[in-house]
Amino acid sequence: MSLSDVAGLVRSSSSFLVTSHVDLDGDAVGSELGLALALEGMGKKVAVVNEDRLPSRYEFLPGLHLLLEPSEAMSDVEVAFVLDCTSMSRIGSVEKILANGGFPIVNMDHHESNARFGSINLVRPDACAAAVLVLELISELGEAVSPDVATCLYTAVLAETGSFRLSNTSREALTVSADLVQKGADPAAIAAQVFGRKAPAAVRLVGEALRSLEVSHNGDVTLLCLARNQVESSGISGDQLEGVVNFAMAVEDARVAVFLRELSDGVIKVSLRSDGTVDVDLIARGFGGGGHSNAAGARVPGTLTDVKGRILGSIAEVLDR
Ligand SMILES: [Mn+2]
């Protein structure tokens, strides 16, 4: 099945559900809202449904009126789109809606490790972001890209390329971004929203994370962590900590950077980055997570100390190979 088959399915259907992975990031949110707004613009009924709440830094995006709670998801879905998501289990609780729905699932993703779980799978690992696939579908449909859609998709590319710094900052990432600016995305305004909206308590909490820095394995591995009580006493929501792992990756000579955050249910959220010489997707998959070779994550049950030991052990195994 190809892009034109998906376009045909869109034309012949009228009610859509759009979802993505848990631990919503910029590519997930931007791709979802961009696609949903484009479908709405075609006169379609569409809802964006996620397990997670929208991270506050993305509350500026257009299309928030299309977000529904999983409990509010409509019963007349004809087609579901799963964007930027490697497997059904990464969808979280929304998986139940899809598993029992009886409607086709269009899996649009750019992760190498994508499990091809959809009725239709459009997976292109060399795409810098899932948003690029959304843009290709809109173009296949012959629809114009509105300034609102351009804003969502540009935000996705900006976030997914780490502000055009990561190894997925391809020629395509830049040409697509230039095209989206042409269509109405405002780079400075978007960057200010995505990177400049932290509460003072969140900045102090990032400071606590930075003070926890540990460097090991002869400087190859850097690690930051935050315990549950640190996050809870700060009173800020964990989504304001997106990107903290990049501070660990900024340490000179670091090959693998780790950020561990203890969630309220005793699960540790693990974020991994690499300089490109180590495949952190492989490491994350060993803990039930996944991602890309240079940026991946997992949610691991256990105490901070226990999970830290296991993650560092797994990284050491790869480095010593
Ligand atoms: Mn992505």
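In the predicted model, the exposed residues Arg171, Thr175 and Gln182 sit on the face of helix 6 turned away from its buried side. The buried residues of this helix are Ala173, Val176, Ser177 and Leu180. Viewed down the axis of helix 6, these buried residues fall within an arc of 100° and therefore line one face of the helix. Their cover includes helix 4 (130–140) and helix 5 (147–160). Helix 6 itself comprises 12 residues, 171–182, and spans 17 Å from its first C-alpha to its last, close to the 16 Å expected at 1.5 Å a residue. Just after helix 6, Gly184 adopts a positive phi of about 125°.

The chain as a whole contains 12 helices and 12 strands. Its domain assignment gives domain 1 (3–195) and domain 2 (200–319). The centres of domain 1 and domain 2, taken over C-alpha atoms, are separated by 26 Å. To the contact between them, domain 1 contributes 11 residues and domain 2 contributes 14 residues. On the domain 1 side, the residues touching domain 2 are 2 nonpolar, 6 polar and 3 charged.

Along the principal axes, the C-alpha atoms fill a box of roughly 55 × 40 × 40 Å. Of the 321 residues, 45% are buried. Among contacts with a separation of 6 or more, 67% are between residues 24 or more positions apart.

How values were computed. Residues numbered from 1 in each chain as written. Predicted model: local features only at pLDDT ≥ 70, side-chain atom pairs only at ≥ 80, totals over all residues. Helix = DSSP H or I, 4+ residues; strand = E, 2+ residues; numbered from the N terminus. Buried ≥ 20, exposed ≤ 12 C-beta atoms within 10 Å, placed from the backbone. Contact = placed C-beta atoms within 7 Å. Domains from an automatic or database assignment. Nonpolar A, V, L, I, M, F, W, Y, C, P; charged D, E, K, R; others polar. Expected span 1.5 Å × (residues − 1). Arc of directions from axis to C-beta.
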